[in-house]
Amino acid sequence: MKKFLNLGLQPLANSYIKKKNLKNKEKKFKLEVGFNNKNYLVSIINTIPKEKMFNDEYPYKSSESKTMKLSFKNLTNKIKKNFKPKFIIEIGSNDGIFLKNFSKDSIVGVEPCENLAKLTKKKKYKTFSEYWNLELAKKITVKNKADLIYSANTLSHIKNLDEIFKAINYGLSKNGILILEDPSLLQCIKNVAYDQFYCEHIYVFSTIALNQVLKKFNLEIFDIENTKTHGGSNRYYIKKNINKIYKIKRSVQKELDKEIKFGLHKFTTYKKFGSRVKKSRKQLLKIFLKLRNKNRKIIGYGATAKSCTVLNYCKIGTNLIDYFYDTTSYKIGRYLPGSKILIKKYLKLDKKKVDVVFLGAWNFKKEIFHKEKKFIKEGGKFITHIPYPRII
Ligand code: TYD
């Protein structure tokens, strides 16, 4: 693996600090990103044991966002219409945003974060609070194999991809379909979205790399959709080679062509990205300092894991951002890891109280700008670093 990006010492992105622990020393790790020129995978170099990240305190809930709810609803309608699955497994079922669109006897969730698994169990959806692996696949498919396996924003969190796909291959029926959805490496690189890299995001996949991994397991992509979630994602429709029902659509070659044209198969592309990230840091800091010198009141919006990478990499702390607003109840009253900026309960932005807002949840820009129409109309501004640092 060849390193192309060094994001410095970083705390665990989702370990929001309670007030009483503010003085404790935080565990930090070296966040570096590399490219494997054999299988084309882009991944972080030092990984954290999964039990440290995905446990009964996992703060991220998919259903907190309108955009995500709508995206899942649209997808489930499409799945029902096109594939009519009778038995579905979801890997990484989170708080049930996908499950709840199906009948309870037709779907099983896998969610190792106990606090989240509890939520779907309570609603009587069968949920295994375990990590996905071959043993679990065998347990779940004793009676029937799945005709659909779905997983969104989860496989990129799992280090041992071979183990995952072995289990998927086992659990999937001969003509079954696997749908995967994860942030697109092409979009990440184009947007200089270096904050897609943090302890939980072990991989950001390109189609080129995913193809290589799938090949080993006799799986192939037969369709790809570009989606807007998480700052630009790809939804991959995958089948076993022996399944001849679905023809491989043009979308697959089209995506591969786009990626090759951009150079995602070459190390030099990533090296260039590394330089652009450094430049992005410089520009972002310049904007913050300029505003601070003018005594502007700056707060953050959306205390995301992504913000954690940006703030720690750019060394932005309470000197530059007074506090963050977030709607997630778990985060409210806690402090962002590393930068130790307080997270307050979200209130509609008010130009009388705040001048400029750092867009931590830039992937929800549209939803947020719509919500904060009044603030924008009254002259309120946002700072974003995507695709390059600027005030909008
Ligand atoms: P997310 O986009 O999942 O980012 P990450 O995976 O990097 O943590 O998190 C979005 C966060 O933004 C979440 O904590 C909720 C918050 N948020 C708001 O506070 N207000 C909003 O209007 C939206 C859309 C999100």
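Which helix gives the most to the shell around the ligand? I looked this up in a predicted model. The answer is H11, with three residues.

**Ligand shell**

I listed the surroundings of the ligand and found 18 residues, with Tyr 60, Asp 326, Lys 331, Asn 363 and Lys 371 the closest. I then sorted the shell by class: seven residues are nonpolar, six polar and five charged. For the helices, I noted that H10 (305-314) and H11 (365-371) each supply at least two residues of the shell. I also checked the domains: domain 1 (2-35 + 268-391) and domain 2 (42-264) each contribute at least three residues to the shell.

**Polar contacts and burial**

I looked up three distances to oxygen atoms of the ligand. For Lys 371, a polar side-chain atom lies 2.6 Å from a ligand oxygen. For Asn 363, a polar side-chain atom is 2.7 Å from a ligand oxygen. Lys 306 uses a polar backbone atom instead, at 3.0 Å from an oxygen of the ligand. I then took the area: the ligand alone exposes 560 Å², and the protein buries 95% of that.

**Strands S15 to S17**

I turned to the strand pairing. S15 (residues 356-359) and S16 (residues 381-384) run parallel and are joined by three bridges. Within that pair, I found Val 356 bridged to Lys 381 of S16. S16 also pairs with S17 (residues 390-391), here antiparallel and over two bridges. Ile 383 has Ile 391 in S17 as its bridge partner. I recorded S16 and S17 as a hairpin, with five residues between the two strands.

Technical notes:
Residues numbered from 1 in each chain as written. Predicted model: local features only at pLDDT ≥ 70, side-chain atom pairs only at ≥ 80, totals over all residues. Heavy atoms only, no water. Pairing = 2+ DSSP bridges. Helix = DSSP H or I, 4+ residues; strand = E, 2+ residues; numbered from the N terminus. Near = heavy atom within 4 Å. Polar contact = N/O pair within 3.5 Å; in protein donor to acceptor, adjacent residues only side chain to side chain. Areas by Shrake-Rupley, 256 points an atom, 1.4 Å probe, with all protein chains shown as cover. Nonpolar A, V, L, I, M, F, W, Y, C, P; charged D, E, K, R; others polar. Domains from an automatic or database assignment.
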